[in-house]
Amino acid sequence: MELKKYEVEIDGEVFKFDQFDWDYPQTDSESSSPSDDNILYRDVLPRRMKFSATKEFPDEKIASKLLLMRKKDSATVNFWDLETRSRVTRIMYPVCDAVKAKTLFLENGEELFTCESIQVRFTQMIPDEFVNV
């Protein structure tokens with residue numbers, strides 16, 4: 001089964017998200033500087049791309065899965081990558097901010113669960129330059 005662009009596979013489980021953000025930081029090392037003859041030499045550090053996915057108003061089951069997933073030290077994440085315009089798989093660590101959720105217990109025994117959007121951010125653990133070395 002081919003994944004849709006809005007689906008992210010995290011450790012074998014597929015999640016549907018409503019929004020993605022990508023960050024491709026490019027950081028120069030301290031040795032990037034002009035030489036004595038004023039020629040600029042650039043030394044770029046290996047890049048650790050960042051990817052975030054937002055789920056708008058998840059239900060209780062999805063909110064719980066996202067909260068458990070963010071506790072992992074690392075995860076294998078397959079997602080649609082803007083830079084390559086294709087699906088990629090990276091080993092990343094997940095984090096997210098505090099989640100605002102609540103359950104109202106009604107007198108008739110029903111429960112009303114509400115949750116604000118949850119954004120999970122992933123940071124690449126092994127730079128691409130080191131993957132196939």
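Residues are numbered from 1 along each chain as its sequence is written, and side-chain values use heavy atoms, with hydrogens and water left out. As the model is predicted, local features need pLDDT of at least 70 and side-chain atom pairs count only at pLDDT 80 or more, while totals for chains, interfaces and linings use all residues.

In soluble globular proteins, nonpolar side chains tend to be buried together. Here, a nonpolar core is a set of buried Ala, Val, Leu, Ile, Met, Phe, Trp, Tyr and Cys residues joined through side-chain atoms within 4.5 Å. Buried means under 20% relative accessible area, exposed means over 50%, and partly exposed lies in between (1.4 Å probe, protein chains only). The largest such core has 21 residues, and Val 8, Ile 10, Phe 17, Phe 51, Val 77, Phe 79 and Phe 122 have the most contacts inside it. Two or more residues of this core come from each of strand 1 (7-10), strand 6 (50-55), helix 1 (60-69), strand 7 (75-81), strand 8 and strand 11 (118-124). These elements are DSSP runs numbered from the N terminus: helices are H or I with at least four residues, strands are E with at least two. Leaving aside residues up to four places away in sequence, Phe 122 touches Ile 10, Met 49, Lys 50, Phe 51, Met 69, Val 77, Met 92, Tyr 93 and Pro 94, where contact means heavy atoms within 4.5 Å.

Ile 91, Tyr 93, Val 95, Met 125, Ile 126, Phe 130 and Val 131 make a nonpolar patch of about 580 Å². Patch residues have over 30% relative accessible area and no salt bridge, and nonpolar side chains (Val, Leu, Ile, Met, Phe, Trp, Tyr) are joined within 5 Å, like charges within 9 Å. The areas come from the Shrake-Rupley method with a 1.4 Å probe, and for residues only the protein chains shown count as cover. Strand 8 (86-96) and helix 2 (128-131) each supply at least two patch residues; the largest share, three residues, is from strand 8. Phe 130 belongs to helix 2 and is partly exposed at 47% relative accessibility.

Charged side chains come next. A salt bridge is a side-chain nitrogen of Lys or Arg within 4 Å of a carboxyl oxygen of Asp or Glu, and the whole structure has five. One of them joins Lys 72 and Asp 11, at 2.6 Å from N to O. Lys 72 lies in the loop between helix 1 and strand 7 and Asp 11 in the loop between strand 1 and strand 2 (13-16), so this pair ties together parts 61 residues apart in sequence. In another, the closest N and O atoms of Asp 128 and Arg 90 are 3.1 Å apart. This pair links helix 2, which holds Asp 128, to strand 8, which holds Arg 90, across 38 residues of sequence. Asp 128 is partly exposed at 32%, whereas Arg 90 is buried at 19%.

The cysteines come last. No disulfide, a pair of cysteine sulfur atoms within 2.5 Å, is found in the whole structure. Cys 96 is buried at 13% relative accessibility, and Cys 115 is buried at 6%.
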